[in-house]
Amino acid sequence: MKLEDPDPSPEKQAIRRFILSSVALAKLDDDANLFEAGIANSLFAVQLLSFVEKTFSIEVGMDDLDIENFKSVNATAAFVQRRNGGGIV
Amino acid sequence: MTLQRIGVVGAGNIGTGVVTDVLLHGMSAVVVDVSRDHLERAQAAVLDNIRCAPLFSKALPRITRESAAERMLLTTDLRQLAECDFVVENVTEDWKIKKDLYERLDALVPAGVRFGVNTSCISITQIASVTKRPGEVIGVHFMNPVHLMPTVEVIRAFHTSDETVQALQTLLGALQKEAIVVEDLPGFVSNRISHLFMNEAAFVLQDRVASADKIDLIFKKCFGHRMGPLETADLIGLDTVMRSLDVLYESFRDSKYRCCPLLRTLVHAGHLGRKTGKGFHVYRDA
């Protein structure tokens with residue numbers, strides 16, 4: 001099973017840290033679908049959006065609210081990269 | 001029949017979900033609870049639900065939080081329900097609270113406005129008996145999270161009229177939900193059976209047959225359930241599960257519904273499940 005990217009970007013590290021601290025898991029595959037696996041409930045989704053907005057200074061708009069953008073560690077990191085080229089504030 | 005303005009009494013977890021669903025589907029909601037604090041927490045939860053809904057379902061309509069807020073009236077005054085087309089009640093699972101509320105609702109809300117009773121176990125016929133409109137009272141057991149669950153257990157009480165069943169089906173149709181209509185005895189179908197699972201799982205844990213993790217894994221991996229019985233109890237709230245078991249025990253006087261002592265101890269210790277961060281399991285996101 002593929003687990004963590006051995007050389008993750010700072011954004012991916014921050015996202016992974018946030019998710020692991022929010023759910024009762026010791027390890028998480030960066031491609032694991034948080035919604036299909038039942039890891040993400042509505043409270044978690046609110047917290048994830050808030051974390052992304054505050055940490056990366058991104059405003060998540062209505063058009064961004066697609067599960068494809070937030071379904072995993074990798075998807076969320078890719079969304080952050082697309083929106084502002086990364087950079088933790 | 002057109003249903004545009006829906007009254008929602010009790011804005012806890014399920015009530016908040018009902019309001020979310022009503023707003024997502026273009027109707028307006030009059031939300032009643034006992035304090036401004038409760039109402040403000042409910043409003044924040046509804047707006048969060050509405051924002052995140054597209055992440056959980058592509059089928060749900062997309063609306064802005066501003067549009068939702070405009071169609072939500074928050075009040076502590078039951079008289080504001082007078083203009084509603086249908087009222088869904090979701091207050092605490094406690095007969096005394098429900099009895100007092102329905103007596104007041106019946107006095108304040110014009111005849112013809114139907115009441116949907118959202119209860120885990122209490123007989124709908126018993127609730128209808130404290131009103132002068134028993135034909136217009138029906139059980140509506142939404143599942144959690146309300147706006148994401150496509151099916152609702154509907155309970156036809158002893159006096160519920162066909163018109164009331166039709167009115168509720170119209171409302172549920174507008175919410176894109178299917179109704180499964182059953183007859184009225186405490187616990188109905190869903191909770192009469194599910195609470196036996198949860199209670200016996202607590203006994204199995206108490207008797208040290210297996211850990212909480214293993215008990216839930218058996219249900220998930222062997223039976224293909226999405227959640228195990230102890231996780232489900234934690235999600236519902238152990239206090240609510242205990243109260244429902246007590247209602248079932250009192251209603252049937254059958255010892256199979258006696259609440260597991262471990263479950264009752266956890267409730268008394270304040271470990272109520274997800275909402276307090278600890279129940280049968282520990283939750284870090286609470």
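**Note on the predicted two-chain model**

1. Chain B contains an open sheet of eight strands in the order β3-β2-β1-β4-β5-β6-β7-β8, with mixed pairing. Strands here are DSSP runs of E with at least two residues, helices are runs of H or I with at least four, both numbered from the N terminus, and two strands pair if DSSP finds at least two bridges between them. Since β3 (72–75) and β8 (178–183) of chain B stand at the edges with a single partner strand each, one side of each is left without a neighbour in the sheet. From one strand to the next, the twist averages 25°.

2. The model is predicted: local features need pLDDT of at least 70, side-chain atom pairs count only at pLDDT 80 or more, and totals for chains, interfaces and linings use all residues. Residues are numbered from 1 along each chain as its sequence is written, chains are lettered from A and ligands numbered from 1 in the order in which they are written, and side-chain values use heavy atoms, with hydrogens and water left out.

3. Within the sheet, β1 (residues 5–9) and β4 (residues 86–89) of chain B pair in the parallel sense over four bridges. B:Val8 stands opposite B:Val88 in β4(B). Helix α1 (residues 13–24) of chain B lies across β1, β2 (28–32), β3 and β4 of that chain, at about 160° to β2(B); axes are lines fitted to C-alpha atoms, for helices over the stretch in contact, and angles run from 0 to 180 degrees between N-to-C directions.

4. The contact between the chains (heavy atoms within 4.5 Å) takes 24 residues from chain A and 16 residues from chain B. Chains A and B bury about 1700 Å² between them, 55% of it on carbon and sulfur atoms; this is the accessible area (1.4 Å probe) lost on being put together, summed over both parts. In chain A, the residues losing the most area to chain B are A:Val46, A:Met62 and A:Leu65, together 31% of what that side buries.

5. Two salt bridges are found across this interface, the criterion being a side-chain nitrogen of Lys or Arg within 4 Å of a carboxyl oxygen of Asp or Glu. B:Arg51 forms a salt bridge with A:Glu53, with the closest N and O atoms 2.7 Å apart. On the side of chain A that touches chain B, α1 (10–22), α2 (42–56) and α3 (67–70) of chain A are the elements giving two or more residues, and α2(A) gives the most, with seven.

6. Over all chains, the search finds 17 salt bridges. In one of them, A:Asp30 joins A:Arg16, the closest N and O atoms being 2.8 Å apart. A:Asp30 lies in the loop between α1 and α2 of chain A and A:Arg16 in helix α1, so the pair ties together parts that are 14 residues apart in sequence.

Terms used: Buried area is the accessible area (1.4 Å probe) that two parts lose on being put together, summed over both.
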